[in-house]
Amino acid sequence: MAAGTGLVASELIAGFVSPSLSTMTALGGAVIDAVPPGVKDWAVSLFGTADKLALLAGMALGIAIFAAAAGVLELRRRFAGAAVFAVFGVVGLAAVLTRAQVTAAAVVLPLLAAGIGTAVLLKLVRGLAATYRGGDTDPGPARRSFFQLLGGTSAGVLVGGAVVTVWRGGAAGVNEVRRTLRLPAPQSPAPPIPAGADIRLAGVAPLVTPNPDFYRIDTALSVPVLDSREWRLKVTGLVEREVEVSFEDLLAKPFIERHVTIACVSNEVGGDLIGNARWLGWPVRELLAMAGPKPDADMVLSRSSDGFTASTPLEVLTDRRDALLAVGMNGEPLPLEHGFPVRMIVPGLYGYVSATKWLTELKVTRFADDVAYWTPRGWSERGPIKISSRIDVPRNGAFIQPGTVVFGGVAWAQHTGIGKIELRVDRGDWQPARLAPGISVDTWYQWQLGIDLQPGQHEVQVRATDLQGTEQTEEQRSVAPDGATGFHTIRVDVKT
Ligand SMILES: Nc1nc2c(c(=O)[nH]1)N[C@H]1C(S)=C(S)[C@@H](COP(=O)(O)O)O[C@H]1N2
Ligand SMILES: [Mo]
């Protein structure tokens, strides 16, 4: 309870002022950055997207165990438990100091937590000791006052903890700023979605992914909360002149709007870490042109407020493709968890090397001189998206009626485009599917094909070919270091 009181008090302050001050988040972030890639992959495979919750629960359990030990020690020997709490404070402080967004206020909070925790610990342990002090004294009053104190702190921790989890005042303020934002209309609107691009087959992923359903992947234990009114983006490094723009500056630029499908390098074959949205923003190349990259530069290291970095080839950000400083997603300001107020979107590259959310800096540099967040953690420094295809219906393992079975799904080869989709049953001949028109080469495409199936078990595979004639490879490779390959393969059971 003592540890809980200290933690809840400091998390409450962080919650109200700014979630980025949270010591628990800093500690979790330090753990995420420090664990070897193998352990992280294991945790992600075990907990999936609940990995962050699992980490927080693990941290809480660890703290509870140490706090219990501190209580026992304090009871045996004065200030022995207090020393354990001091160690808590120092560990918390060290974690905070490793964070990119460290501020004076963030440094104070772990010390405050340890201080409050220690005070409560000493009081509780004194009170507990008083309840079984021997002799003739009646232990009743001491007992009552100890349990009052314990009950009071427990109630405080429970109520405070509930408040911390549901009410984040700092985030609420920015949510309000976001809600009242008016984004400019694009000077170059998104080309209309071609008729027939959406095949309207139940079970196939929607052509444009609604924001609440869009996959979310990042290393942020709590979503960074950035106020667009204070946001600045700096262009630094190998440039003729450093440039800084505010959100207001950005909104005054000629915006374009485009559909772009982004995907995660951790997407397994057949996986769903991919989504297609209509992004509104300003081309990155325009901002880079203002700064003037020096001739020896070949990479842009984009950085977020929480220290995450991505390495994007300079060439990709300056060619004619629609690489964006995005502020809008499907007609609304970026949701907080998708990078409010500004993120990068680069057609053709996996998110980890391009799609930096909560963007704060573009450092023009060289692959030889700088490494991005994931590069030393077992992932390739470059990550062009691999041509891929997926069967959405029927589901793997489905039981279906005999006769014509309609297969449908999506395929993508961002910035090249899909040219052909084929299916084969039980490793027979490839049969061409009907490929719907894409919105653009930067988005995924839907496809469908009806196949007559005999009763029994069948294996069905899909293969895509891009518009340059490159075929998706059959070779099965896992997601690390630069994206999975192989055919999406499902089994269906046709009833007799
Ligand atoms: N700041 C920050 N930006 C980030 C990441 C991150 O961890 N931190 N993850 C990247 C990865 S790996 C992917 S796949 C995309 C996912 O974007 P989404 O969560 O909006 O779908 O964001 C990218 N941008
Ligand atoms: Mo990713």
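## Exercises on a predicted model

Strands β5 (residues 299-304) and β6 run antiparallel and are joined by 5 bridges. In this predicted model, local features need pLDDT of at least 70 and side-chain atom pairs count only at pLDDT 80 or more, while totals for chains, interfaces and linings use all residues. Residues are numbered from 1 along each chain as its sequence is written, chains are lettered from A and ligands numbered from 1 in the order written, and side-chain values use heavy atoms, leaving out hydrogens and water.

**Exercise 1.** Describe how β5 meets β6 and which way the residues of β6 point.

*Solution.* 
- Start with the terms: strands (E, at least two residues) and helices (H or I, at least four) are DSSP runs numbered from the N terminus, and two strands pair if DSSP finds at least two bridges between them.
- Next, find a facing pair: S302 is opposite A310 in β6.
- Then look at the turn: β5 and β6 make a hairpin with 4 residues between them, where G307 has a positive phi of about 95 degrees.
- Now check burial (under 20% relative accessible area is buried, over 50% exposed, in between partly exposed; 1.4 Å probe, protein chains only). In β6 (residues 309-313), 5 of 5 residues are buried.
- Finally, sort the directions: T309, S311 and P313 point one way, A310 and T312 the other.

**Exercise 2.** Work out why T153 counts as buried, and which residues it contacts.

*Solution.* 
- T153 counts as buried because its relative accessibility is 13%.
- Contact means heavy atoms within 4.5 Å. Apart from neighbours within four places in sequence, T153 contacts M1, T5, V120 and L124.

**Exercise 3.** Do likewise for M24.

*Solution.* 
- M24 belongs to helix α2 (residues 23-34).
- Its relative accessibility is 14%, so M24 counts as buried.
- Beyond residues up to four places away in sequence, M24 touches L7, E11, M59, I63 and L221.

**Exercise 4.** Find the largest cavity and say where it lies.

*Solution.* 
- On a 1 Å grid over the protein atoms alone, a cavity is a set of points where a 1.4 Å probe fits but cannot get out; lining residues have an atom within 4 Å of a point.
- Of its 15 lining residues, N267, Y350, S388, W412 and A484 are closest to the centre.
- Domain 2 (211-377) and domain 3 (388-494) both contribute to this lining, so the cavity lies between them; the domain bounds come from an automatic or database assignment.

Key:
On a 1 Å grid over the protein atoms alone, a cavity is a set of points where a 1.4 Å probe fits but cannot get out, and a pocket is an open set with protein on both sides within 12 Å along at least five of seven lines; lining residues have an atom within 4 Å of a point. Grid points are joined across faces, edges and corners, and a volume is the space filled by probe spheres set on the points.
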